[in-house]
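Thanks for coming. I will go through the salt bridges in this one, and how much of each partner the solvent probe can reach.

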Amino acid sequence: MVIRELNNNWQSHAFDGYEVNWTEPQQTVSCLHTLVYPPAQGQGLHVTGISWNATGSVLACAYGRLDDGDWSTLKSYVCTWNLDRRGLNPQQPSVVVEVPSAVMCLAFHPTQPSHIAGGLYSGEVLVWDMSRPEDALLWRTGLTDDTHTDPVYQVLWLPEPRHSHRFQVLSAATDGRVLLWRGSSAGQLRLCKGFALAVHQLPRSTKLKKPPRGETEVGVTSVAFSSFDSSIFVLGTEGGFPLKCSLAAEEAALTRMPSSVPLRAPVQFTFSPHGGPVYSVSCSPFHRNLFLSAGTDGHVHLYSMLQAQPLTSLQLSHKYLFAVRWSPVRPLVFAAASGEGDVQLFDLQKSSQKPTVSITQTQDGSPVYCLEFNSQQTQLLAAGDAKGMVKVWQLSTAFTEQGSREAEDLDQLEAEIAT
């Protein structure tokens with residue numbers, strides 16, 4: 001009986017178009033902290049990436065530049081703030097590490113609370129141990145034939161096959177390579193596995209525009225791994241099309257790029273493109289097949305791994321979208337960061353067309369470049385912007401408490417939209 005009523009409510013259109021008027025915004029979202037590192041702000045650096053550590057109490061922030069220009073020798077920084085520390089000074093990070101090239105992305109280690117991997121504009125990948133600030137550099141790729149030749153736009157940690165307590169660093173760059181690195185005792189990150197994306201090896205699952213003459217590699221901008229199959233991942237690309245890939249791929253990549261290990265062709269399926277480069281992808285933690293992508297066309301696409309066309313497309317901005325993330329605790333909630341200076345929170349249970357809350361991050365409309373939910377302290381959402389600021393937003397229980405049928409509603413959403 002209850003199930004039938006819930007189903008009826010889910011299908012009911014009684015509240016379509018009903019506008020919620022939050023007269024007191026703090027009921028839903030409030031700003032807990034505004035974190036800045038004045039020397040980085042003084043240099044006009046952007047916050048290019050943020051990451052929460054394994055305990056959820058420390059926030060890391062990468063400073064670099066995302067606008068056009070050569071930032072390979074731009075002095076930049078990685079900073080961390082411990083938000084649980086008494087007497088937190090929002091303008092004084094707990095640890096500051098100087099980096100000789102713009103930092104484009106970073107990721108805390110999943111279990112080591114002080115280890116951070118970062119990708120640089122120069123193509124290098126570095127790992128720091130923030131527990132030793134005077135000598136933080138733990139490993140680096142160095143500039144070898146294996147090193148990326150373009151900026152690294154995403155790094156993440158993957159458990160080693162057969163050694164789930166040991167982790168490798170995965171990096172992706174616009175040179176068309178996705179590389180897996182393992183730390184060695186000599187302070188070196190050594191290449192242990194690699195993939196290259198050649199235009200002529202893409203599956204023709206959807207009609208793509210012909211690449212410019214002479215271009216053979218597909219530039220990678222973002223990576224997301226399936227929560228259900230650790231070998232499956234989705235790539236966002238400069239060409240605008242998401243790609244479904246596999247770590248288990250055996251086919252050799254047809255590329256002339258030098259490499260100390262054989263490079264494989266990982267792509268299994270090509271999805272219908274956005275109207276411009278994809279900057280961010282995110283796989284659902286609650287559904288095997290669903291993922292989100294966001295791009296320069298201002299749209300978020302919701303895809304199923306099983307079909308090329310998006311299930312739905314939402315225009316959230318008239319400018320670029322730089323980041324999209326599913327909530328780690330609410331199956332129907334996601335957040336997006338826009339080039340117009342706001343963070344939009346969507347609850348698909350409330351509306352599949354309009355954001356439930358739109359948070360103004362920058363007063364002058366400067367872009368928000370990155371955002372991350374905190375999977376440990378689930379009421380926290382951090383976002384970084386072009387003004388060099390990180391804001392930590394506190395979400396109300398409306399965004400953190402899962403409804404009794406929410407996972408089933410997500411299944412139903414996929415089924416309804418797909419038919």
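R140 has a relative accessibility of 30%, so it counts as partly exposed; that class lies between buried, under 20% relative accessible area, and exposed, over 50%, with a 1.4 Å probe and protein chains only. E124, at 5%, counts as buried. Their side chains meet in a salt bridge, N to O at 2.8 Å. The term here means a side-chain nitrogen of Lys or Arg within 4 Å of a carboxyl oxygen of Asp or Glu. The pair links distant parts of the chain, 16 residues apart: R140 is in strand β9 (residues 137–140), and E124 is in the loop between β7 (115–120) and β8 (125–129). Strands are DSSP runs of E, at least two residues, numbered from the N terminus.

A word on the basis. This is a predicted model, where local features need pLDDT of at least 70 and side-chain atom pairs count only at pLDDT 80 or more, while totals for chains, interfaces and linings use all residues. Residues are numbered from 1 along each chain as its sequence is written, and side-chain values use heavy atoms, with hydrogens and water left out.

Next, R166 and E160. They form a salt bridge with the closest N and O atoms 3.7 Å apart. R166 is partly exposed at 39% relative accessibility, whereas E160 is buried at 7%.

Then R132 and D135, whose side chains form a salt bridge at 3.9 Å, N to O. R132 has a relative accessible area of 32%, which makes it partly exposed.

How many salt bridges does the rule give? The count is 13. Some are joined up: R330, D347, K350 and E406 are linked in a network of salt bridges.

Note on methods
Helices (H or I, at least four residues) and strands (E, at least two) are DSSP runs, numbered from the N terminus.
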